[in-house]
Amino acid sequence: MAVNVPTKDSLELAAQNVSALKQVFYTINADSCPRSFNFHMHTTSSDGKLKPEELMEQALSIGLKGLAITDHHSVGGYQVARKWLEYRQQDLNSSVGKFLPHLWTGVEITSKLLGTEVHILGYAFNPASSHIQAYLQGERPKGDDADAVNVIAAIHQAGGLAVLAHPVRYGRSPVELIAEAACLGIDGVETYYAYGNPNPWRPSPQQTEQVEKLTASYGLLNTCGTDTHGVNLLMRL
């Protein structure tokens, strides 16, 4: 769902458009990432190697329809990427700039769930909301702020969606983690994820099948992302 983005205000509205994002998540499948959508990427604003502008240039080159930059505890990369989109508005009447990818706000927050350290992704939230400011300071939360129930609540209070990242990467059964996250009000799970960093990138079949069944059981949204930390959006590292 590539969109024209002529003004700063429209970019901000698009970045926080939860309804549009839900509609995308309803359609996500194993083939959606990495060439149509990508909702898990890092820049130099946290622990990634790509500058936000470089990430956006790649996104445009790949032909991504929609994306979110999910730096750890920061929206710095998103803010630079949004400015990149503002700059590219001058190309909207050219063959290159007619359609730019839809950029949503994003963040990855380190949390505690069932005593296990997990990562929760936030999407389409208002980064200026006071409810989420404690999680956008560049450092992992401490104490009660790190509890998954509070992280999920903060994302919701800021108007966004909360998603459990790569649920099979933790030292606890995804069956238990997803069940608990669902009880706490999580909106979705990063269902399509490439465990083991395969080349080319592709969702891991066994883990995908397990997580798909769990999300269906709890009525959760499915998302996908490369979790890129390197210089290629089509890979994780």
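A: Contact here means heavy atoms within 4.5 Å. Keep in mind that this is a predicted model. The largest nonpolar core has 67 residues, and Phe39 and Ile120 are the ones that touch the most other members. As background, nonpolar side chains in soluble globular proteins tend to be buried together.

Now for the helix pairs. Helix α6 (residues 174–183) and helix α7 (residues 205–218) have axes that come within 10 Å and cross at roughly 25 degrees. The angle is under 35 degrees, so α6 counts as roughly parallel to α7. The crossing of α6 past α7 is right-handed. On the α6 side you'll find Pro174, Val175, Ile178, Ala179 and Ala182, and they meet Gln210, Val211, Leu214 and Tyr218 of α7. Sorted by class, that contact has 8 nonpolar residues, 1 polar and no charged ones.

Then there's helix α1 (residues 8–15), which packs on helix α4 (residues 76–88) at an angle of about 135 degrees, the axes being 10 Å apart. That makes α1 and α4 oblique to each other. Here too, α1 passes α4 in a right-handed crossing. Lys8, Leu11, Glu12 and Ala15 from α1 make the contact with Tyr78, Arg82, Leu85 and Glu86 from α4. The class tally for α1 with α4 is 4 nonpolar, no polar and 4 charged residues.

Key
Residues are numbered from 1 along each chain as its sequence is written. This is a predicted model: local features need pLDDT of at least 70, side-chain atom pairs count only at pLDDT 80 or more; totals for chains, interfaces and linings use all residues. Side-chain values use heavy atoms; hydrogens and water are left out. Axes are lines fitted to C-alpha atoms, for helices over the stretch in contact, and angles run from 0 to 180 degrees between N-to-C directions. Helices (H or I, at least four residues) and strands (E, at least two) are DSSP runs, numbered from the N terminus. Angles under 35 degrees count as roughly parallel, over 145 as roughly antiparallel, 65 to 115 as roughly perpendicular and the rest as oblique. A crossing is left-handed if the near helix is turned anticlockwise from the far one by less than a right angle, and right-handed if clockwise. Ala, Val, Leu, Ile, Met, Phe, Trp, Tyr, Cys and Pro count as nonpolar, Asp, Glu, Lys and Arg as charged, and the others, Gly among them, as polar. A nonpolar core is a set of buried Ala, Val, Leu, Ile, Met, Phe, Trp, Tyr and Cys residues joined through side-chain atoms within 4.5 Å. Buried means under 20% relative accessible area, exposed over 50%, partly exposed in between (1.4 Å probe, protein chains only).
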